[in-house]
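Me: I'd like to learn how to read a protein model residue by residue. Could you walk me through one?

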Amino acid sequence: MPYWPLGAYILYYVQHVIGQRFADIAPCHTIRAASCPVLLVHGTNDETVPVSEAQEIFARRRDERVRLLLIPGSHDQYAEMERHFETVIDFLDGATRPLADRHGKELS
């Protein structure tokens, strides 16, 4: 779809409907506000969204609760995703554990 005029109109319309500019809600600008664990998963061969954008988001994180997992693959195809299931499961397990347990304290 050509950006002008149709693409520009669609972007303007969506921003109007959601009441936010895309630039203002972009992950690279909002990642520091995340107060929960975040796992960024990105394909190293993504030509639609360059891996450098995932790295930029990660670089702007507030703390170690944000993790970056780069895996071989494109924008929507990951031939080796199964090799990374354990990493994803470990992240989800840690993210869903009670807060006291995450910090190594005994639960009552």
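Predicted model: local features only at pLDDT ≥ 70, side-chain atom pairs only at ≥ 80, totals over all residues.

Me: What does Ala 54 touch, not counting residues up to four places away in sequence?

Reply: Ala 54 touches Leu 40, His 42 and Leu 68. Ala 54 belongs to helix 4 (residues 51-59); helices are DSSP runs of H or I with at least four residues, strands are runs of E with at least two, and both are numbered from the N terminus. The C-alpha atoms of Ala 54 and Trp 4, 50 residues apart along the chain, are separated by 27 Å.

Me: Is Ala 54 buried or exposed?

Reply: The classes rest on relative accessible area: under 20% is buried, over 50% is exposed and in between is partly exposed, using a 1.4 Å probe and protein chains only. At 6% relative accessibility, Ala 54 counts as buried.

Me: Which residues make up the largest nonpolar core?

Reply: The general idea is that in soluble globular proteins, nonpolar side chains tend to be buried together. A nonpolar core here is a set of buried Ala, Val, Leu, Ile, Met, Phe, Trp, Tyr and Cys residues joined through side-chain atoms within 4.5 Å. The largest one has six residues, namely Ile 31, Ala 34, Val 38, Leu 40, Ile 57 and Val 66. Take Ile 57 from that set: leaving aside neighbours within four places in sequence, Ile 57 is in contact with Pro 27, Cys 28, Ile 31 and Leu 40.

Me: How do I read a helix, and which residues of helix 5 are buried?

Reply: An α-helix has 3.6 residues a turn, so residues three or four places apart point the same way. In helix 5 the buried residues are Val 88, Phe 91 and Gly 94. They cover an arc of only 130 degrees around the axis (taken from the directions from the helix axis to the C-beta atoms), which puts them on the same side of helix 5. The face turned away from that buried side carries the exposed residues Glu 86, Ile 89 and Thr 96.

Me: What span should helix 5 have?

Reply: The expected span is 1.5 Å times one less than the number of residues. For the twelve residues of helix 5 (residues 85-96) that gives 16 Å, and the end C-alpha atoms are 16 Å apart, which agrees.

Me: How many aromatic pairs are there?

Reply: A pair of aromatic rings is described by the distance of the centres and the angle of the planes. Rings of Phe, Tyr and Trp (its six-membered ring) pair if their centres lie within 6.5 Å; planes under 30 degrees apart count as stacked, over 60 as edge-to-face and the rest as tilted. By this rule there is one aromatic pair. Tyr 9 and Tyr 13 have ring centres 6.3 Å apart and planes at 25 degrees, so the pair is stacked. Being four residues apart in helix 1 (residues 3-18), the two are separated by about one helical turn. Tyr 9 is exposed at 51% relative accessible area, and Tyr 13 is partly exposed at 45%.

Me: Which charged end sits over the ring of Phe 58?

Reply: A charge sits over a ring if NZ of Lys or CZ of Arg is within 6 Å of the ring centre and within 35 degrees of the ring normal. Here the charged end of Arg 61 sits over the ring of Phe 58, 3.8 Å from its centre.

Me: Where does Asp 46 lie?

Reply: Asp 46 is in the loop between strand 1 (38-43) and helix 4. With 8% relative accessibility, Asp 46 counts as buried. Asp 46 touches Gly 73, Ser 74 and His 75, not counting residues up to four places away in sequence. Thr 44 is found in the loop between strand 1 and helix 4, and is partly exposed at 38% relative accessible area.

Methods:
Residues numbered from 1 in each chain as written. Heavy atoms only, no water. Contact = heavy atoms within 4.5 Å.
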